[in-house]
Amino acid sequence: MQPRHFDGGRLAAAIEMIQRLREGCAWAALLWALVAGAVHAADVTLTAQKDDRGRPVAMAQPPQRIVSLLPSLTETVCALGACDKLVGVDRYSNWPKNLHATLPVLGGGMDPHVEAIVALKPDVVLLSNASRVVERLEALGLRTVTLEPRTQADVHRVLHSIGLLLGLPPEQGAEREWQRLQAGVEAAAQSVPTAVHGARVYFEVSRGPYAAGPSSFIGELLTRMHVGNVVPADRGPFPRLNPEFILRARPDVILMGNHSMQLAHAYPGWATLDAVKHQRVCAFNAEDSTTVVRPGPRMDEAARIIARCLVEKAPRRAP
Amino acid sequence: MSNVSKAVVRSRWLAVVLLAATAVLVVLGACVGSTGWESVWRMRSDPVAQQIVWDIRFPRTLGAWLAGALLGLAGAVAQGLFRNPLADPYLLGSASGAALGGAAAMVLSGTAAIGMEWMQRLGMTGMAFAGAALAVLLTLTLAQGVQNSLRMLLAGVVVGVVLGAVRDMLELRYPDILQPMKAFSLGSTAFIGWPACLLMVTAWTVCALAAWSLARVLDGLTLGESTAASLGLPLGPMRAGLIAVMALATGTAVAQTGLIAFVGLAAPHLVRSIVSVGHARSTLLSSLMGGVVLLTADILARWLMAPEELPVGVLTALLGGSYLLWLMHRGHAVRQARG
């Protein structure tokens with residue numbers, strides 16, 4: 001008996017040790033999460049100091065007159081409460097809704113009206129690095145900040161960059177906004193029933209068909225909804241697919257931007273797809289599509305739109 | 001003899017008229033833009049208005065004229081060289097080649113890393129020139145020389161399509177250049193600053209001098225290949241020189257403004273419909289004409305929808321296309337009347 005008792009004692013000791021270890025692990029994990037989180041936040045504030053060309057974002061004086069030539073940047077400025085500092089926007093900046101009624105419209109990324117931009121005497125012009133007008137504006141002595149969010153991490157970074165530019169402390173501006181977005185996305189993800197998790201989704205961004213891959217902004221949202229993407233990750237963010245590929249991939253549900261201007265069965269052979277047969281297709285209207293494809297401070301709304309579609313259309317797995 | 005000198009006198013008058021038109025248009029170009037005429041009045045007191053007129057409107061006005069002049073010159077050289085009134089920097093594939101060169105330059109430099117403006121402009125022009133030259137050489141190889149003009153035009157169309165497809169593939173592979181390439185293919189003078197003007201002036205001077213001195217071979221060629229050879233002209237090198245002129249002119253214009261259609265085709269036609277003189281004069285006149293045509297189109301593009309503006313390439317394609325249709329229709333009617 002003695003040895004047994006002894007064994008029992010050892011067992012109890014072992015269990016206790018394991019428990020302690022577990023606790024320790026939990027503590028370590030918590031600590032690690034805190035450190036990692038802090039490191040992550042520091043990372044963002046560090047990378048946010050430079051724009052896409054690697055030039056510092058911050059100005060000696062926060063700008064009072066801002067021109068934005070990229071919709072997601074316009075939205076970011078407004079989300080940080082500096083909408084009143086905008087003096088001109090591009091043709092495609094359609095949120096907040098009244099912008100075009102109150103501000104001069106300065107063309108688009110492809111055909112910006114250089115003269116009209118200069119005439120507004122902006123302190124800074126926010127635009128994408130892909131725009132041809134960057135060097136022209138720089139040559140004319142205007143300060144440009146090039147930022148183009150493409151992913152969720154970019155949205156976070158650009159929020160910090162614009163906050164820095166506007167002279168807002170992160171905890172009052174960028175970080176608070178980011179936490180709000182995170183809460184919104186999380187709530188949208190929670191609204192998707194677990195029976196839908198793992199459903200295989202095909203998201204068509206535009207006719208081509210161009211799909212939203214897992215590394216795209218939309219793909220990241222889908223991942224956070226716990227649904228799968230029929231497009232493999234190695235195809236890049238917006239691969240152009242063969243309609244055949246979709247036919248073979250057999251998505252459970254199809255999401256389409258209205259920009260594709262057509263219905264799913266317009267592709268030959270798609271009528272036999274289960275998703276099409278059972279009308280598990282969401283065709284977003286123009287407004288919803290721009291919201292969904294735009295990586296900016298309406299990310300929570302984008303998540304809600306996608307979640308609503310999944311709740312309505314995605315097939316439930318048998319329990 | 002008096003006939004010839006009459007034509008020469010007429011050509012001088014045309015040159016004077018075109019230069020006068022240029023002067024008027026440059027003044028007009030300085031006045032037209034998104035912000036309207038006021039900028040000119042307020043130029044003395046308002047530094048921004050001064051910047052708008054001096055650093056935006058003047059370079060883009062001059063740039064539009066220069067790009068038109070380069071395209072007009074290239075068109076005249078092409079039409080003389082290939083003895084085909086349909087030859088145009090675009091139909092021989094050189095513009096597609098230049099655009100492909102531009103796309104390659106964008107991929108190589110990476111749109112993310114905008115380096116020094118000057119280096120980029122030179123790089124872009126160099127690549128566009130190389131692309132244009134490559135396209136013309138390909139066309140000539142495919143056509144096995146310049147003797148058969150139908151064959152050559154067909155080869156030019158084929159080369160244009162193939163190089164266009166290569167450009168499409170580049171755009172698909174590197175989607176980052178999609179937007180700038182789209183802007184490029186619309187053709188716009190909005191991005192021209194003083195450095196681009198300087199570059200185009202240099203290219204134009206080189207091309208105009210070369211075309212002027214090589215024009216004898218074009219005159220000889222109108223009498224036929226063998227006659228030209230019998231005149232003792234070194235046909236091969238002179239032809240190569242003219243092709244280089246065409247590629248340089250097209251490449252420079254396309255690199256700075258993007259694809260602008262029909263100017264190179266229409267300008268020599270317009271000149272020929274007014275005067276008939278030797279190639280030395282008509283090439284330079286075509287150049288002036290191209291400048292006037294493109295500058296007019298550019299001012300229209302800025303003015304028609306002000307304060308919005310149209311990409312000028314869209315407008316020249318519309319206007320130039322309509323002009324060509326009219327020319328074909330009239331030619332048809334004239335032939336019908338003649339029986």
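Two strands count as paired here if DSSP finds at least two bridges between them. Keep that cut-off handy for these exercises, which work through a predicted model.

**Exercise 1. Work out which strands of chain A pair with strand β5, and in which sense**.

Step 1. Start with strand β8 (residues 253-256) of chain A: β5(A) and β8(A) share 4 bridges and run parallel. With a threshold of at least two bridges, that counts as a pair. For a spot to look at, find Glu204(A), whose bridge partner in β8(A) is Met256(A).

Step 2. Go on to strand β7 (residues 228-229) of chain A. Here β5(A) pairs in the parallel sense again, over 2 bridges. Val201(A) has Asn229(A) as its bridge partner in β7(A).

Step 3. Now take strand β6 (residues 210-211) of chain A. It is joined to β5(A) by 2 bridges, and the two strands run antiparallel. Glu204(A) turns up here too, with Ala211(A) as its bridge partner in β6(A). The link between β5(A) and β6(A) is a hairpin through 3 residues.

**Exercise 2. Decide how far strand β5 of chain A is enclosed by the rest of the structure**.

Step 1. Count the buried residues: in β5(A), residues 200-206, that's 5 of the 7.

Step 2. Draw the conclusion: with 5 of its 7 residues buried, β5(A) is largely enclosed by the rest of the structure.

**Exercise 3. Describe how helices α8 and α12 of chain B pack**.

Step 1. Get the geometry. α8(B) (residues 194-222) and α12(B) (residues 279-303) have axes 7 Å apart, at an angle of about 135°. Since angles over 145 degrees would be needed for roughly antiparallel, α8(B) is oblique to α12(B).

Step 2. List who meets whom. From α8(B) come residues including Ala208(B), Ala211(B), Trp212(B) and Leu218(B), while α12(B) brings residues including His279(B), Thr283(B) and Leu284(B). By type, this contact splits into 7 nonpolar, 3 polar and 1 charged.

**Exercise 4. Characterise the side of chain B that touches chain A**.

Step 1. Count both sides: 28 residues of chain B are in contact with 24 of chain A.

Step 2. Find the helices. In chain B, α3 (47-81) and α7 (178-186) each supply at least two residues of this side.

Step 3. Sort by type: the chain B side has 14 nonpolar, 8 polar and 6 charged residues.

Methods. Residues are numbered from 1 along each chain as its sequence is written. Chains are lettered from A and ligands numbered from 1 in the order in which they are written. This is a predicted model: local features need pLDDT of at least 70, side-chain atom pairs count only at pLDDT 80 or more; totals for chains, interfaces and linings use all residues. Two residues are in contact if their C-beta atoms, placed from the backbone, lie within 7 Å. Ala, Val, Leu, Ile, Met, Phe, Trp, Tyr, Cys and Pro count as nonpolar, Asp, Glu, Lys and Arg as charged, and the others, Gly among them, as polar. A residue is buried if 20 or more other C-beta atoms lie within 10 Å of its own, exposed if 12 or fewer, and partly exposed in between; C-beta atoms are placed from the backbone. Axes are lines fitted to C-alpha atoms, for helices over the stretch in contact, and angles run from 0 to 180 degrees between N-to-C directions. Angles under 35 degrees count as roughly parallel, over 145 as roughly antiparallel, 65 to 115 as roughly perpendicular and the rest as oblique.
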